[in-house]
Amino acid sequence: MVTVRLFAAAIASLGLAWAQDSVWQSRGFLENRTMFYPQEASNDKTQWVNEWLLRWETRVRLGERWRIFGGLDAQTDTHNQVERNWHLSWWDREIQRPAFNVRTLFAQYTRGPFRLELGKQVIRWGVGDVFSPTDRVSARDLLSPSGADNLGVWAVRAVADTGPHSLELLYLPRFTPSRVPLVGQRWVVLPDSLKQYRLRFRGVEYPGGPQFGVRYHGIRRGIEYSGAYFEGFQNLPSLISRVLYLQKVWEYKAAYPRIRVAGGDVSAAWRGMVWKAEGAYSWTPTQITDDFISFVVQVERVREKWQMVAGYTGLHKTVDRITPYVAIDQAFTKAFAGRFGWAPKPNNNFTAEYWLQRNCRAFIGRFLYSREIAPSLRFTGGYIWITGAKDETVGRYSINSYATLQLRYSF
Amino acid sequence: MGAPGNSKVMLRFSSPAEIRGVALLMWNHAGRPADIWLYTPSIARHRRIAQQDRSAKFAGTDFSFEDLEEDDLSQYDYSEIQDAQEAGEACWRITAKRKAVRRSQYDKNWIWISKTRYTPLRMDKWRDNQVVRRVLMKKLEQRQTIWTPMLVEIADMAEGSRTTLELFSAQYDSRMSESSFTLEAMKSAW
């Protein structure tokens, strides 16, 4: 009786809140991030980098069925990773981060279990935390490790969700690429074989044509599962290059090959832990990227003040093509990865994340402490340690270990 | 929404600003643990909460996930009805001992029921012969003839901390749509 009454009260209050859903809501934050690299890179002498980001998101309700969602970013930095002009970016195709950017802007129509969303939005698929092979729809900002945000993509998204079953259909009329590290900065480490050449960038070849996706998601007796298919473009660039030996020039241009990805995921709570598995097969009709199977298995457990996530990410190339591409998605596979979190008090916590290559020849550790130092003001500080053999992809970034300080005011 | 034993709940945060948009969805089931998901807008993902995770504190409050679940009343043996006083009111104190069917962080509850209003005023939640959480129901008001605590205080006895849940409005039997309690609905629940 006790619990029922309490419960009923909570439900009842929620019901009224829903009915009185306010017409306009907003949220956002202002963030300052400082990174200090103890070592200079051969191609980048900068050791202090400061970034400022203002993000504002809003939601407007228009009647019972329509809502408009929008989000704007304004940012700048000390390291030319952000453009220095004042234009407002709608398409997110800039090589640097735009100073002013429409991050999301979409209309949502809801009728019973049906939902239609039109506009720029962040779309996430999959369940993996350490790696998500089916999460190929939204591009990411991988320009520097501080970002790693998903970028909004222009899409029509139709969903029928009854609770135990949901079906999602996607149509993306225009391609949005992931943002990758800038040549000339420390997160681009070129192979030794290229060091004798001057680099000449011949531009970007953006693909035309739409992208499509479909995903079914089901829940049955505590087990969640999904199947997904995506036909679109790889959002990380492949580099089409040629060497001009006499001029000692390596010319390259970036292209985004068409890919098809079929995969699925399953997650279930069992023996006090949440078990997740996700896998996908990615293949291409072009000659400028690889065909591969990637997967992740992970387990997570949360107790009163601590949480643990541990997993393994795997990769098997079925067709290995020679064309180089910025294979950030493959670089972090064949590895053990996870996270330990400990929150001794509600407003402060420690996090340790690890990534260990399967052959133990490369390691990334991320150690962070976060604390709310005043209402709405959070401090986060820590150290990211990268180490490994120089002939390993990740090991080449050993000189990029860095300390980070972040101050965020939420409003 | 839904019937006791098979209800659905969605909680959404509008404040503080840092967690605005975070949402919790629960599907309760008779005889087995609830399905619980937490949606975090910063990563645009929902995360399933495991059965054992239910003892973890919810969003920095003194409520654990389990405290927010609907309790299946058939999972208890009731005994030891005693006369007691709570907040100046005459009460019955009932012991509700958990059957070992469904795992919980608590082994038993003591519940103080008002003799005049037939509604609970206090609940002590026990584990290993110690009270670990105390729930006080205050500011009782009649809403649609149902006594409703407009202020619920929960204390973590080991930590010495407490959280107050204040209801600004309460309404029973309101029409709600099933589609407002789905994973998809969590994403725009702000």
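In the predicted model, the side chains of Glu86(B) and Arg122(B) form a salt bridge, with an N to O distance of 3.1 Å. Glu86(B) belongs to strand 5 (residues 76–86) of chain B and Arg122(B) to strand 8 (residues 120–127) of chain B, so this contact ties together parts that are 36 residues apart in sequence. Both Glu86(B) and Arg122(B) are buried.

Over all chains, the structure contains 55 salt bridges. Another of these pairs Lys120(A) with Asp92(A) through their side chains, at 3.0 Å from N to O. The pair links distant parts of the chain, 28 residues apart: Lys120(A) is in strand 6 (residues 114–121) of chain A, whereas Asp92(A) is in the loop between strand 4 (88–89) and strand 5 (100–111) of chain A. Lys120(A) has a relative accessible area of 0% and Asp92(A) one of 2%; because buried means under 20% relative accessible area, Lys120(A) is classed as buried, as is Asp92(A).

A salt bridge also joins the side chains of Lys317(A) and Asp290(A), with an N to O distance of 3.2 Å. Lys317(A) is located in strand 17 (residues 306–319) of chain A and Asp290(A) in the loop between strand 15 (273–283) and strand 16 (291–302) of chain A, so the pair ties together parts that are 27 residues apart in sequence. Lys317(A) is partly exposed, at 32% relative accessibility, whereas Asp290(A) is buried, with a relative accessible area of 4%.

Terms used: Residues are numbered from 1 along each chain as its sequence is written. Chains are lettered from A and ligands numbered from 1 in the order in which they are written. This is a predicted model: local features need pLDDT of at least 70, side-chain atom pairs count only at pLDDT 80 or more; totals for chains, interfaces and linings use all residues. Side-chain values use heavy atoms; hydrogens and water are left out. A salt bridge is a side-chain nitrogen of Lys or Arg within 4 Å of a carboxyl oxygen of Asp or Glu. Helices (H or I, at least four residues) and strands (E, at least two) are DSSP runs, numbered from the N terminus. Buried means under 20% relative accessible area, exposed over 50%, partly exposed in between (1.4 Å probe, protein chains only).
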